[in-house]
Amino acid sequence: MEEKKQFLCGVVEGFYGRPWSMDQRKVLFQWMQYWGLNTYLYGPKDDLKHRLLWREVYSPEEEGQLRTLILEAQSRGLRFVYALSPGQDIVFSSACDLTLLKRKLRQVSDLGCQAFAILFDDIDHSMCQADSETFSSFAHAQVTVTNEIFRFLGEPPIFLFCPTEYCGSLCSPSVSKSPYLQTVGEDLLPNITVVWTGSKVISRRLSVDCLAEVESVLQRPPLIWDNLHANDYDSRRLFLGPFKGRELQLRSHLRGLLLNPNCEFEANYVPLHTLGSWYRAGKNENKDKEWEYCPDEALSAALHDWMEEINQPLQAGRQGTQADQRLSAQASHPKTPDRSDCPFTFIGTSAVAKLPVFPLKSSSPPSSPTMVKVEREGREGEMKRSNQPSQPNKQLPGSKTGAPSGGGRGQKAAYGGKGLLSESQVRLLIGLHYLPHEHGLSAQKLLQDLTWLKTNCQLVSCNGDMAPPQRIDEWHGRASRFLSLCDDIAQLHCSVVGGANRAVLYDLYPYVWDLRNTALVAKAFICWLDGRVLSDGSSLGTWKNCFHWCGKSSGADLLGVESEPWVFKGGVSGEVQMLLPLGSSSELFCHPPPLFPTSRLYNIRPYHNKDKVELYRMVRQLQFRTQDGQESSTAHPDVIGDRCLGPCLALCPEYSFTLEDELSVCGCVLGILDVRSFAKRCQASWLPAMRDKYVPKGGNTHLNTQDLIQLMEEDQGEYPDSLLYHFPSQLRLDALPELVDVSVSRTLLTALLTALKANGSQGVFCEVQPTDRQRLEFLTKLGFLEILRGEARSREGVVLGRLL
């Protein structure tokens, strides 16, 4: 009777994606015990024997692991609820299927499990012919089987039923008039609890009023399966914000509340910590005192504790750690068994020994030799970059003079000294990955400033009417604030990569990496807007007729109260992307994270005249490598740079971007807005200047310089009208091959494409000679061949084009 009365509050592992490991679940049980939570429901969708192969019983090895997990939960005072999802292919009228269902649950019961759930969520409403002839409705079929199983198991005090119509938006025609829910309420045995998610699959708020209707129809208080922090529907979103939008008074109208959190285990510390605060506040054990729950205060308390956890030297996979010992000591329980006690993850996961940190998104880690090779290659690349001549302690242009604590500019690589994340950085991390219906303050500022700067960019256009000085100052002030926040995001990225907690890195890296790259593009775009965007007077394009392609509202505004969060994907990264001219080109922004991340800081910015020397040096170095390092002593040092980069840097520097790291310039991308007009300008000014620069002296010319002039003339040859009609713009991309994070080069390319489209370009192409194998290999490695659509051929070679 006590179990029937107690409010069930805890965690449901019910997401789609790779299930948690056994060790992670044991750490979860430690957290739950310490924070006062009392229930865990096992139901990961991608455990084959939970859903797809539900008829199959567990092997002896799997039985042992499941028994260990059940006992671990019970030893910490938690109720272990085992859930089964047979709805995809069960034949409700089949005696054989009913027998197999009983056999499976009896096996789990014999392992010590005393609480169960039957889930019929996310399945088709249709019935087979045999079921249609036996049952009056789909609900009648489900209820009949559920009641039978409930009796078979001896009517356990905790038995949950998840209906197919599990939220208000799925009910037809409405909650109060749904024949399905009416059948469930009338025919389901009274001691079976019905699972509900609220008005939506992911409900923004839960109130007593919104639950009164469903409670009346079901004729019992429901149990909330809360998807507030679930992120399995969007690979670019993570939710680190506090438990929020649920009234404390819900307790008296619910059987319980279980949070279905992020797929990434380490991302759930704050959500579950604050859930515990909400639950303890709602207990109202002191009848003379009104208990309150404040999400912001709960977040501060959780952040304080997470700061200790996030800076612990934890390995991915959660082997025995100092943090685990600390929690165990606080909970007055023995330390979680070491991974050697249970070397395999439970159902549906790969065998995991000591997990390497990367790759981050694979279903199972690669073999150790692969990881050793990758780490070695990454270190060699960084060492090559470090050995190049550079300016010591160089400050990145456009960045702040000081570095926030927790991530210094002297931090060179992920495998160097491990740093600590500061509280401000962790708050920034949470603010950027807050809740599905709400952004944190830092994300709000980022989006608001970007929207305002884009909307008012005519104030700093290159050929428009002079705006009032105070308005220009306002634009520059907001731009400075925006760039500063982008720098903080870059610092956060390198601090996470260079931090001591590899478990946190393993789970959070794809998200901080994605946002870092998006922020790099946005920062470069705002720097480029200052004095480079065309005004209304331009015939090529204007900021007004260009920016209608950009999003005008945030994702939260587009969603509204009535929409599910997956209507607008991408979170903060997606919204920043949509505010850029290339917002609809998702393949430019969504690509796999690098196998070997680096904590090196990168910066992408518009080209400055002082960059010419370093860019010439870089392309000269790349050219020498193709010639086995042979440099002619008589060759003019500018020959290669003048041919590869010179025309663009001289005639259209406004479409040139520089990539630099902490050491020096390491890449560039050059663009031409209108190839036809550019070719005419080259003939009129650039080629005559080159003939004067490389004029024969004393009857001799510098080696190959006469050939250079001829090649320059050929470079400006005519392209077919059919090509230029669709692809009026051209680009050239160069980057040092030692760069470990190739994604930065992709981000550099995106920055240029954004600028070209902002000034009216409808398409861009990149010419590559078929004999230039090294360049083709570089573009293939970069993923350039995948993200450029439309392939054509010119007389000079292969031309790859992309419609913007």
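Student: In which loop does Pro173 lie?

Tutor: Pro173 lies in the loop between β5 and α7 (179-187). Please keep in mind that this is a predicted model.

Student: What makes the peptide bond that joins Ser172 and Pro173 a cis bond?

Tutor: Its omega is about 0 degrees, and the bond is cis. Most peptide bonds are trans.

Student: What is the phi of Asp122, and where is Asp122 found?

Tutor: Phi of Asp122 is near 55 degrees, a positive value in a residue other than glycine. Asp122 is found in the loop between β4 and α5 (129-134). Glu155 also has a positive phi, near 50 degrees, and its place is in the loop between α6 and β5. Most residues other than glycine have a negative phi.

Student: Why is Asp122 called partly exposed?

Tutor: Buried means under 20% relative accessible area and exposed means over 50%. Asp122 has a relative accessible area of 36%, so it is partly exposed. Glu155, with 41%, is therefore partly exposed by the same cut-offs.

Student: Why does Thr193 count as buried?

Tutor: The relative accessibility of Thr193 is 9%, and the cut-off for buried is under 20%. Thr193 therefore counts as buried. Thr193 lies in strand β6 (residues 193-196). Leaving aside residues up to four places away in sequence, it touches Phe159, Leu160, Phe161, Pro221, Pro222, Leu223 and Arg255.

Student: How many strands form the closed barrel, and in what order do they run?

Tutor: The closed barrel has eight strands in the order β1-β2-β3-β4-β5-β6-β7-β8, with parallel pairing. Neighbouring strands of this sheet are turned by 25 degrees against each other on average, direction ignored.

Student: How do you know that β3 and β4 pair?

Tutor: Two strands pair if at least two bridges are found between them. Strand β3 (residues 79-84) and strand β4 (residues 115-119) have four bridges, so they meet this condition, and they pair in the parallel sense. Leu84 stands opposite Ile118 in β4. Helix α6 (residues 138-152) packs on the sheet, where it touches β4 and β5 (158-162).

Student: Which strand is joined to β15 by six bridges?

Tutor: Strand β13 (residues 763-768) is joined to β15 by six bridges, and the two run antiparallel. The bridge partner of Phe765 in β15 is Gly801.

Student: What makes β15 mostly covered?

Tutor: Strand β15 (residues 798-803) has six residues, and five of them are buried.

Student: Why are α15 and α16 called roughly antiparallel?

Tutor: The axes of helix α15 (residues 469-498) and helix α16 (residues 502-529) cross at roughly 155 degrees. Angles over 145 degrees count as roughly antiparallel, and the two helices are therefore roughly antiparallel to each other. Their crossing is left-handed. The residues of this contact divide into 19 nonpolar, two polar and four charged.

Student: Why are α16 and α19 called roughly parallel?

Tutor: The axes of α16 and helix α19 (residues 571-578) cross at roughly 20 degrees. Angles under 35 degrees count as roughly parallel, so α16 and α19 are roughly parallel to each other. In this contact, Asp514, Leu515, Thr518 and Ala522 in α16 meet Val572, Ser573, Val576 and Gln577 in α19. By class, there are four nonpolar, three polar and one charged residues.

Note on methods
Residues numbered from 1 in each chain as written. Predicted model: local features only at pLDDT ≥ 70, side-chain atom pairs only at ≥ 80, totals over all residues. Heavy atoms only, no water. Axes fitted to C-alpha atoms, helices over the stretch in contact; angles between N-to-C directions. Parallel < 35°, antiparallel > 145°, perpendicular 65-115°, else oblique. Left-handed = near helix turned anticlockwise from the far one by under 90°. Nonpolar A, V, L, I, M, F, W, Y, C, P; charged D, E, K, R; others polar. Contact = heavy atoms within 4.5 Å. Buried < 20%, exposed > 50% of the residue type's maximum accessible area, 1.4 Å probe, protein only.
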